[in-house]
Amino acid sequence: MENNKKFLRTLLAAAVTTTLCSQALADNAEPIKVGVMLPFSGIYAALGDAGRNGLKLALQEHADDLHGRQIEFIEMDTEAKPEKAPEIASSLLDQHHSDFIIGPVHSGVAMGMIKVLKDKDTIMIIPNAGANAATGPLCAPNIFRTSFSMWQPSYPMGRVALDSAYKRVVTMSWNYGAGRESLEAFEEAFTAGGGKIVKQIMVPFPKTEFQSYLSEIGSINPDAVFVFFAGGGAVKFVKDYDALGLKGKIPLLGSGFLTEGTTSAQGPSAEGIRTTLHYADGLDNEVNTKFRQDYRQMFGKEADIYAVQGYDAGLLIAKAVDKLGGDISDRAALIKAMESTKLLSPRGEVSFSKAHNPIQNIYLREVVDGVNKVMDVPAAKLEDPARGCKL
Ligand code: BEZ
């Protein structure tokens, strides 16, 4: 009897100590520092703004998962300029001692960030930039991506084009890493099935004078055109394609960035465009419906893929912090917690590959009444090949 009482007293004392410890942790712990490296000016400004909004929405909605830890944001404008990346990343790492650095949108900026952040104590979460190398030859334990590799959304479109009986295709993009890798992925699938790329057109980034290239496409008269453009460039390209009389004559295909966050500015010029992406605003699932409602309420505008990817970066942080009871000081444990996290994303379920890239569905979408409507799932649970990653 006496033994039993003693045991109960010890158990009670242990429980009180645990509660006090986690209360003390919450009271005393420093805020979690989240550096944000996104473009808030320039051609990708809207993409950066949406990513930041999504991140903040997730961390606000999942504040309970943080075990009392506050979040301190340190925001830096990359202007989508690769030459700015090393300096900003170094300052978020060495001066601000960020626990997490979220960014960027532009693949060239990602390469500059990785040079500084690879194998450091800070966790880098890429909420957009698709540079294949980030989860390929440059992969590292502390680098995660909640978006996509450039290969992922473009490869399936090669097969969609073949299924549509297109044989001769012109490809076109801005001439930088993301654009080149997007066209290569399309070409890989399209030519493997017997398709021919009759011309590849590369435009200096971020130029948006497309008319002379479009006249050339008109005279080539291919079966279809596949492009990578995003943000303000996507708006201008789709409008010019229509204005120069190509719409309705030569089908326009793209990775889905062509019609993400842009359809209201593109208006009727976007109707009927088919793209492949890991999200669609018209996706019919509960998480997406709630996310879009909450986003509209909080920011007064429509969410898009950039908002989803920022939201999922926030979810990934919240879920990992929760698994560790709020204590993220052991970075190896933090990485392990992140690796095993499964996200219930507005895009559907997302898990992470060994290379830390999302495994996710790729949807075929068509713009109908200004909405990217899901037509098919040409690649379910698609994993990037992660060529060159040694993790
Ligand atoms: C990139 O540079 O990786 C990128 C930019 C905008 C949309 C998609 C990818």
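Cys 139 and Cys 389 form a disulfide, with their sulfur atoms 2.2 Å apart; the term is used here for a pair of cysteine sulfur atoms within 2.5 Å. A disulfide is a covalent bond between the sulfur atoms of two cysteines. The structure holds one disulfide, and because the torsion about the S-S bond of Cys 139 and Cys 389 is about 90 degrees, this disulfide is right-handed.

The model is a predicted one, in which local features need pLDDT of at least 70 and side-chain atom pairs count only at pLDDT 80 or more, while totals for chains, interfaces and linings use all residues. Residues are numbered from 1 along each chain as its sequence is written, and side-chain values use heavy atoms, with hydrogens and water left out.

Around the ligand there are 15 residues, of which Val 105, His 106, Ser 107, Gly 130 and Tyr 176 come nearest; a residue is counted as near if one of its heavy atoms lies within 4 Å.

The protein covers 100% of the 270 Å² of accessible area that the ligand has on its own, where accessible areas come from the Shrake-Rupley method with a 1.4 Å probe. The shell around the ligand draws at least three residues from each of domain 2 (31–148 + 284–356) and domain 3 (151–277 + 367–381), the bounds coming from an automatic or database domain assignment.
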